[in-house]
Amino acid sequence: MQKTMRTRTIALCAALSVLAVTGCGRKHAAKTSKNAMTAADSAAAASKLPYAMKEGKRLYNHYCGVCHGESGDGAGQYYGLTPAPANFTDKTFMKSLSDETLYKAINEGSVSVGKSNMCPPWGNSFNPEEIEFIVGYIKTFQGS
Ligand code: HEC
């Protein structure tokens, strides 16, 4: 009982702050996802990103890019995975997943949202806020 309530509260907070995060992340996504950028451009752009986006990006590149690709297209160095890692640049696919589903998939692994067990659960590696940052960040790959 205690535990369920706590989980609910966390989930609710997560949902709310994800909205906040993605709300202010949109503008930046539109700005930064256009064409290929030079390292200097991207460093300059990164310095303008709000903290949540910067953290989301840093964590994503460190933990997820190897499979999902740094540009989110599902083509990381770890290729040949079956099924292929989710392609976050695919608008239709991304629109089909709610923020709660993304959060859950990351927190508890892809198996928790009815997919394969190929995406590990990350709940022990990140705190809830960090998972929200990552959710906000992976949503920017689809453009606006
Ligand atoms: C070892 C490779 C690997 C790593 C590392 C990895 N993933 Fe995945 N991920 C996958 C694969 C493979 C799938 C596709 C699973 C499927 O469709 O059954 C997937 C699917 C997903 C999905 C989609 C779930 C859905 O509902 O379809 C999300 C969201 C996701 N990963 C987020 C992340 C995040 C965020 C990280 C980093 C914290 C991460 N993944 C790290 C391999 C990986």
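Residues are numbered from 1 along each chain as its sequence is written. Because the model is predicted, local features need pLDDT of at least 70 and side-chain atom pairs count only at pLDDT 80 or more, while totals for chains, interfaces and linings use all residues.

The secondary structure of the protein chain consists of seven helices and zero strands, where helices (H or I, at least four residues) and strands (E, at least two) are DSSP runs numbered from the N terminus. The order of elements from the N terminus is accordingly α-α-α-α-α-α-α. Of the 144 residues in the chain, 26% count as buried. A residue is buried if 20 or more other C-beta atoms lie within 10 Å of its own, exposed if 12 or fewer, and partly exposed in between, with C-beta atoms placed from the backbone. Two residues are in contact if their C-beta atoms, placed from the backbone, lie within 7 Å. Among contacts between residues at least 6 apart in sequence, 57% join residues at least 24 apart.

Helix 3 (residues 51-63) begins with Tyr-51. This helix has 13 residues and reaches 18 Å from its first C-alpha to its last, close to the expected 18 Å; the expected span is 1.5 Å times one less than the number of residues. Its buried residues are Ala-52, Met-53, Gly-56, Lys-57 and Tyr-60. Seen down the axis of helix 3, these buried residues fall within an arc of 130°, so they line one face of the helix; the arc is that of the directions from the helix axis to the C-beta atoms. The face turned away from the buried side carries the exposed residues Tyr-51, Asn-61 and His-62. Tyr-51 counts as exposed because it has 9 C-beta neighbours inside 10 Å. The C-alpha atoms of Tyr-51 and Phe-133 are separated by 8.9 Å, although the two residues are 82 apart along the chain.

Phe-133 is one of the buried residues of helix 7, which also include Glu-132 and Gly-136. Eight of the eleven residues of helix 7 are buried, so this helix is largely enclosed by the rest of the structure.

The largest nonpolar core has 19 residues, of which Leu-102, Ile-106, Ile-134, Val-135, Tyr-137 and Ile-138 touch the most other members. Such a core is a set of buried Ala, Val, Leu, Ile, Met, Phe, Trp, Tyr and Cys residues joined through C-beta atoms within 7 Å. Helix 3, helix 6 and helix 7 each supply at least two residues of this core, and the largest share, six residues, comes from helix 7.

The ligand is surrounded by 24 residues, the closest being Cys-64, Cys-67, Lys-115, Ser-116 and Cys-119; a residue is near a molecule if its C-beta atom, placed from the backbone, lies within 6 Å of it. Helix 4 (65-68), helix 6 (99-108) and helix 7 (128-138) each supply at least two residues of this shell, and helix 6 gives the most, with four. The shell divides into 19 nonpolar, four polar and one charged residue. Here Ala, Val, Leu, Ile, Met, Phe, Trp, Tyr, Cys and Pro count as nonpolar, Asp, Glu, Lys and Arg as charged, and the others, Gly among them, as polar.
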